[in-house]
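Student: Could we go through this structure together, step by step?

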Amino acid sequence: MEAPGSSKPMIATQAEMVEARVPMAYRDQCAHLLIPLNKCRQAEFYLPWKCENERHSYEKCEYELVMERMLQMQKIREKEANLKLPNKGGVAIGLIPKTANA
């Protein structure tokens, strides 16, 4: 299963995420890194200096997903801006509208 518009494949299956009790909001392309991170956190009693490698790899994956979405949104905005611009060789639109009686 792959999310539309994303270059990262889904590695964790729905069954694995259900078994690991991953919340719905966190079931994305980085869930395969969240599962071992949560297991490590539970084993180490959520001490912040433990599980640093797992946390770093998960946060890096999430950062890459966010950056990918930002780039996609930027491309969409640029495409929409290009569609709204009038043609360079076309008729210019006046800034002051004509009134109904003029």
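Tutor: Happy to! This is a predicted model, where local features need pLDDT of at least 70, side-chain atom pairs count only at pLDDT 80 or more, and totals for chains, interfaces and linings use all residues. Residues are numbered from 1 along each chain as its sequence is written, and side-chain values use heavy atoms, with hydrogens and water left out.

Student: How many helices and strands are in the chain?

Tutor: Helices (H or I, at least four residues) and strands (E, at least two) are DSSP runs, numbered from the N terminus. From that end the elements run α-α-α. The count is 3 helices and 0 strands.

Student: Is α2 roughly parallel or antiparallel to α3?

Tutor: Helix α2 spans residues 31–43 and helix α3 residues 52–84, and they pack at about 150° with axes 9 Å apart. Axes are lines fitted to C-alpha atoms, for helices over the stretch in contact, and angles run from 0 to 180 degrees between N-to-C directions. Angles over 145 degrees count as roughly antiparallel, under 35 as roughly parallel, 65 to 115 as roughly perpendicular and the rest as oblique. Therefore α2 and α3 are roughly antiparallel.

Student: Which residues of α3 make the contact with α2?

Tutor: Contact means heavy atoms within 4.5 Å. From α2, Leu33, Leu34, Leu37, Cys40 and Arg41 take part. Their partners on α3 are Glu54, Arg55, Ser57, Tyr58 and Cys61.

Student: What percentage of the 102 residues of the chain count as buried?

Tutor: Buried means under 20% relative accessible area (1.4 Å probe, protein chains only). Of the 102 residues, the buried share is 19%.

How values were computed. Buried means under 20% relative accessible area, exposed over 50%, partly exposed in between (1.4 Å probe, protein chains only).
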